[in-house]
Number of protein chains: 4
Amino acid sequence: MLVVMKNDATKEQVQAVIEEIERMGYRGIAMPGAERTAVCIVGNKGPVDDIRLLTMEGVKEAIPVTKPYKLVSKETVLEPTVISIGNIKIGAGEVIVMAGPCAVENAKQAMTIALYVKAHGAQIFRGGAFKPRTSPYSFQGMGEEGLKILAKVREETGLFIVTEATDNASIELVEQYADIIQIGARNMQNYSLLRRAGQPSKPVLLKRGFAATIDELLMSAEYIMSEGNARIILCERGIRTFTNTTRNTLDLSAIPSIKELSHLPIIVDPSHAAGRREFVIPLSKAAVAVGADGLIVEVHNDPAHALSDGAQSLYLEQFAQLMKEIKLLRKTGV
Amino acid sequence: MLVVMKNDATKEQVQAVIEEIERMGYRGIAMPGAERTAVCIVGNKGPVDDIRLLTMEGVKEAIPVTKPYKLVSKETVLEPTVISIGNIKIGAGEVIVMAGPCAVENAKQAMTIALYVKAHGAQIFRGGAFKPRTSPYSFQGMGEEGLKILAKVREETGLFIVTEATDNASIELVEQYADIIQIGARNMQNYSLLRRAGQPSKPVLLKRGFAATIDELLMSAEYIMSEGNARIILCERGIRTFTNTTRNTLDLSAIPSIKELSHLPIIVDPSHAAGRREFVIPLSKAAVAVGADGLIVEVHNDPAHALSDGAQSLYLEQFAQLMKEIKLLRKTGV
Amino acid sequence: MLVVMKNDATKEQVQAVIEEIERMGYRGIAMPGAERTAVCIVGNKGPVDDIRLLTMEGVKEAIPVTKPYKLVSKETVLEPTVISIGNIKIGAGEVIVMAGPCAVENAKQAMTIALYVKAHGAQIFRGGAFKPRTSPYSFQGMGEEGLKILAKVREETGLFIVTEATDNASIELVEQYADIIQIGARNMQNYSLLRRAGQPSKPVLLKRGFAATIDELLMSAEYIMSEGNARIILCERGIRTFTNTTRNTLDLSAIPSIKELSHLPIIVDPSHAAGRREFVIPLSKAAVAVGADGLIVEVHNDPAHALSDGAQSLYLEQFAQLMKEIKLLRKTGV
Amino acid sequence: MLVVMKNDATKEQVQAVIEEIERMGYRGIAMPGAERTAVCIVGNKGPVDDIRLLTMEGVKEAIPVTKPYKLVSKETVLEPTVISIGNIKIGAGEVIVMAGPCAVENAKQAMTIALYVKAHGAQIFRGGAFKPRTSPYSFQGMGEEGLKILAKVREETGLFIVTEATDNASIELVEQYADIIQIGARNMQNYSLLRRAGQPSKPVLLKRGFAATIDELLMSAEYIMSEGNARIILCERGIRTFTNTTRNTLDLSAIPSIKELSHLPIIVDPSHAAGRREFVIPLSKAAVAVGADGLIVEVHNDPAHALSDGAQSLYLEQFAQLMKEIKLLRKTGV
């Protein structure tokens, strides 16, 4: 249920509605919009008796929200959410490119790649300091040392930083160093981590689990948003199917699906979906054509010796080629 | 194994190689290329002893073919196959658009749609006369009456015709009326039908089964080609996964996968993949951006009353919009 | 819609109802049951106006059938269907075992295996004469020669024969030689073949396509039954998923699902599901425990040299072990 | 690599081998077996030069471990692992039954169910205090209050307790109250939680993620075991596929797959796989027949009013029926 306030409703009127909702045993969350504020009722099972609310001052109407997710739903927030990080706007029509290595390996590697991707148009630098690896014996990331390198990259290049947090300990560190906190696919339903990411500090990049439906992805975003952090970027990165020419199947239909259901921006990770650098350029172009708000791609200066995910990392010159093709594509207004 | 002939090898030398291969107990199929002919050895299990062949006149070299499919492999035919139908060339860099209703319902419906899609740039008209339907009680198509309507459409609009054959009886009729014989997803492993489609008469549009791997699709094409028909167009139309916001999951990675493995052209059917018209335009744009050689889309003048697949059929004006967007996209050289 | 006749309704009354249904523009199919006859209305879209029918003589009541399949539905036929072949009853509580090689390779091989499986309790001999193979270059079966060998096996061992028909040509032959006509997984939606199999001659073993839902399997059975052949045995043989320790994933939940929805018997093929002989015995036991009406397993006297599917064929002594374990299991009344 | 010690090797010799391995830059983990100790080398990439180790005193031989998981592999530990909890032995041939509600709702509900399942043969009581729910607005469990109720259940009934920990905070509490710590399917790749569960305190029940391969499940178990906790019980609970008559597809082939690859016991959760109580009994029987070491089933005294998962919870009398059928099945020595 969404209680839509009149355009000229006062803060006090909004607050009174929230308090009345709490008296009814639910939670009321104010959702300020461009023209009017709405109060979203969450925590109810089944329909809410709205007569009392409708008679309150400043209330315009009550709209049922038919989806299990409320705050992330397009029913609740009509305009697309735009997430600003410095001068970058994600979800405002531009294609934002996040690029960098799978893992930060050392300062020289990170800086070499960062300078290159910056020079070719990337706005955000990606690189893992905490790596969730299938094997306990694989390289698990540099930890805080890696974060410090990322901070240095930002300082020297002006690129913003996105990096993954894997648990409540690492998120404490990541939010100190990064501009965007990434929640990886395997943690998409780690609700404890989602709640922690919902404490408003930094925007969150939430990757779709490789076997998650769109509804489940949106429910996970709802966990974050219900804690108070509305700055969420979703990310499609391939789903697990029976196919075997790519590591996962990039589900580009997810982009229009999410645009239809939610106001949150959505970007695409073609690198993890394909698992092979040869397919990253064509899939990136397809992602842009289908309407994604951005891309997150793996780039490495020496993929053959990368400590992780070498096979799917673009060579530097391939990244330049990618940016050239994306630019061309964007000229058409796609 | 591929026996590559010298550029100046004579027909007699090619023939002699084929005969020698047959003496060895295999089959030899001549594959004429732009510059030289190769003879593909099929029917062997394990390696072929090639010493005898290498010493024959006109033979340049012998190359092992590592894939289970031979004739459709890029190892065997180096240049992309271009399929000419009248003045249309499929696989030559243009994006060919096939459009029309799911099923031919009557002459007026077919002609209305055909004139419209022709006017907006479609080159080929699609429309089913024999419909494979999940339920025996659903409309099964008009049969030969439908084919006659399609022939009339061609006559009056100049559009070429693609329509589905569902068994050995209907293919006899379809090849008389159509320019391209469609083998549907559910018949992708109907080997009897594939063999029949391999008798060289008309080009074949072979749709990927909704649970078929790329290798299986190419093996099915190999069935057709091994019978003598090399004019095959492949079609990605979505695979069955756990997702639920679209009917199937369009696997656009299939396009670069197939381009890497085979010389055959590949088009995309966004209508059946999505199952919803709202997603057809964005998915079509993505298909073009990823490198597809064409599109096959459902268009209906009155989707609400369509006898089948109404929900996924574009309105006429949506088709015009689609063509406009594709044209724009193509200007970039995507 | 099901028009249930009174227990003492006459043939003429049933016929009158059918004719009235036809006058309404639908088809009426008489379904004789143990105590009363029902007439199933098929071909209608949406609800049928039943007032006229309810007032006819001999009519007891009209029951809506909520499923898209009618004749195969448990709503239409209340008692489980039992299929008798000689003295064997499939669907009557016994676990029927069909065993034999993937393909008939020669008379000696077939007879060796047949005598062994007969001695250890199999009731039906399986063996392919027409093999649908992924590759056009693989062994495609012995054709009619193979069928003659199967006929000889029946003659000499008393085993009944199940073998696959792959198209309208081979079904003509198969129905002359076999006791059960098998429609393979890849032909589950080959509607032309299903219709042909529906001409009442021999019982049909219909295998679930490896990406077919239960509803689709039942719709395919409906194709057969709507043509007049009610003697259908369903078969679960594994579905395609992301797993990789077996060829397919045996979906044993399909057994109670089908028992809930349909009156048709259902057996299990653990050999094709697993793709590995090591798992055939445990999966067979699970199939029996979950309530399957029978098993179809591959057995070979020399799997290492089998012309197809060697890896999943049981050794002879393993088949003996399987039968011993099944027998033990059955003692519990499972 | 596994360094197998002689039967009479001393502790000092084992320690010397471990130290030598550490000097080589790897980790050595002693794996005591019934007759001899082996030292497993982990952390190496590629082959280990074993000449130095082979010449050390007490060393019998060095065996390469071909799987990415080492400690959980059957190559490393030859005998099946038996996990003792009080007088219960999991993995020793008995079918252990864990039963109870999805969530602990209050003391009366828990005790009612516990007394019933105890009376009918369950050995372990299940019930969630921390519930990972798709929606942030759903009941999230009673937390420590629920754990206290579980402790009371153990005290009064003698049943052992299994309950889920969802993060590093809840595991601190769970290990104080429970006998087995459950890691749920959605946390199967929550490596931070796995590492914490690896600190040897209580046995761990590790559920397979609904899109995890067998290898991934075993790698997750390896995370736990590499931290020092070898008492791990695996659990198959259904995988996500395209089917729609059950919530997930129970993959019973996982049981023989795991038995082939690992020494760890494996149990089956038919309730979450089916999502419907009607299928729990047949699937449980199949699980026992296929060789599972136990079952974990949901039982509720009032499913219609359960706070979660009501549809899949057995009625009390259904649980009695289940136990009766399992007992009968076990009499055959299945």
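User: What makes residues 2-63 and 83-331 of chain A count as domain 1 and domain 2?

Analyst: Domain bounds are those given by an automatic or database domain assignment, and in this predicted model such an assignment divides chain A into domain 1 (2-63) and domain 2 (83-331). The C-alpha centres of domain 1 of chain A and domain 2 of chain A lie 36 Å apart.

User: How do you know what confidence the predictor has in chain A?

Analyst: On a scale that runs from 0 to 100, the mean pLDDT of chain A is 94, and 99% of its residues reach 70 or more. For the complex, the predictor gives an ipTM of 0.92 and a pTM of 0.93.

User: What relates chain B to chain A?

Analyst: Chain B is superposed on chain A by a rotation of 180° with 0.0 Å of shift along its axis, at an RMSD of 0.0 Å, and that is the relation of a two-fold axis. The same surface serves both copies, since 100% of the contact residues of chain B recur in chain A. Of the residues of chain B, Ala286(B) comes closest to the rotation axis, with its C-alpha at 2.0 Å.

User: Why are H10(D) and H11(D) called roughly parallel?

Analyst: Helix H10 (residues 280-290) of chain D and helix H11 (residues 316-331) of chain D pack at an angle of about 25°, with their axes 10 Å apart. Angles under 35 degrees count as roughly parallel, and therefore H10(D) is roughly parallel to H11(D). Their crossing is right-handed, and the residues that make the contact include Ile281(D) and Val288(D) of H10(D) and Leu322(D) and Ile326(D) of H11(D).

Key:
Residues numbered from 1 in each chain as written. Chains lettered and ligands numbered in written order. Predicted model: local features only at pLDDT ≥ 70, side-chain atom pairs only at ≥ 80, totals over all residues. Least-squares fit on C-alpha atoms with pLDDT ≥ 70 in both. Contact = placed C-beta atoms within 7 Å. Axes fitted to C-alpha atoms, helices over the stretch in contact; angles between N-to-C directions. Helix = DSSP H or I, 4+ residues; strand = E, 2+ residues; numbered from the N terminus. Parallel < 35°, antiparallel > 145°, perpendicular 65-115°, else oblique. Left-handed = near helix turned anticlockwise from the far one by under 90°.
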